[in-house]
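Subject: Structure handover

Hello,

The structure is below, with the sequence. Notes on what was found in it follow.

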Amino acid sequence: MSKPDLLMTGPMMPLVQEGLAKRFTVHKLWEAADKEALLNGLTQSIVAIATGNHAVTDAALMSRFPNLKMVGSFGVGYDAVDAAWAGQHGIVVTNTPDVLNEEVADTALGLLLCTVREFPQTDRYLRAGKWLEKPYPLTATLRDRKVGILGLGRIGKAIAKRLEAFGVPVVYHGRNEQKDVAYRYYPTLKGMAADVNVLLIVAPGGAATNKIVNKEVLEALGPDGILINVGRGSVVDEQALIEALASKTIRSAGLDVFEDEPRVPAELIAMDHVVLFPHVGSASVYTRRAMAQLVVDNLVSWADGKGPLTPVDETPWPPKA
Ligand code: NDP
């Protein structure tokens, strides 16, 4: 039996490459000397794409393949894939939800503690021999804080559960109030920002959330406020954030995600009171393997006629009539 043709847009983990090669003929776009020639030669045969945040899978790319039926994306955030267009053209898109919830929630708590208690700075202080001169200055605390979560979804709930165990009050904002959660809901982001002193972002990227954390929201968060972002860099107006940090409009920030990764503004790198992580939210061997396996399982299940396992909201399965 000949294997269906799959386009892989960029380097993916060996587990994905090897797992997919058992069921598909995998064409590695990034290895092709002449990418246009490779794409042109595969116009009719490509039925599936495997991708991730390393590449934009937009209408321009997908429309080159009239027989394309499935896009398997690595990661729970799939803002690099035009899922709305895919849905309108009978193409199912899958992501890798749930298997990373606990890891990203762990990272969020680590980043929050690092930012509030300045742990990376204390490490730098010790290594520089400054402890021999005098103790590290006293820091802020999590003890008197209320955390407002922007995006109380799968990961947001895992973060909230940890914060509850830490004895820290949690509230949230999203487009909808969730009847089955006990945390207070704020219908506006600015209203929530004004009422908390930690704003923790774990909302998706994309047009609907682009720069919704803006100058006004940061002003509402106020001079004791701390911004934590483990969602997407695009959710924050990065220039407004830099200005708010420089002018002490807010106290500090802990960021795992940025507008133009892996490029991080020099102004942020120069600030000693912010904590910057290189997008490591889910980046453990254990969790990345689980995500990789889910990419493979989705594509193989679809190829076996059993349907995708975790289709995104824009491309429900089975498709709506
Ligand atoms: P979910 O879809 O489960 O949750 C997303 C939440 O965001 C929902 O509560 C939703 O609530 C809210 N939301 C969506 N759109 C908007 C909007 N326009 N305005 C306000 N709130 C909105 O996603 P996950 O929890 O699984 O993942 C969340 C995001 O975390 C991912 O999309 C990804 O960008 C990011 N992420 C980052 C990682 C990292 O390494 N730093 C790793 C994994 C994920 P409602 O529908 O009510 O608006």
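P262 is found in the loop between β11 (252–255) and α11 (266–270); helices (H or I, at least four residues) and strands (E, at least two) are DSSP runs, numbered from the N terminus. The peptide bond between E261 and P262 is cis, with omega about 0°. A cis bond also runs from W317 to P318, where omega is near -5°.

This is a predicted model: local features need pLDDT of at least 70, side-chain atom pairs count only at pLDDT 80 or more, and totals for chains, interfaces and linings use all residues. Residues are numbered from 1 along each chain as its sequence is written, and side-chain values use heavy atoms, with hydrogens and water left out.

The open sheet has 7 strands in the order β8-β7-β6-β9-β10-β11-β12, with parallel pairing (two strands pair if DSSP finds at least two bridges between them). β8 (184–185) and β12 (275–276) are at the edges with a single partner strand each, so one side of each has no neighbour in the sheet. Strand β9 (residues 198–201) is joined to β10 by 4 bridges, and L200 has I228 in β10 as its bridge partner.

R232 sits in the loop between β10 (226–229) and α10 (238–246). R232 is buried at a relative accessible area of 14% (buried is under 20%, exposed over 50%, partly exposed in between; 1.4 Å probe, protein chains only). By contrast, K248 counts as exposed, at 62% relative accessibility. K248 lies in the loop between α10 and β11 and has a positive phi near 60°, though not a glycine.

Regards
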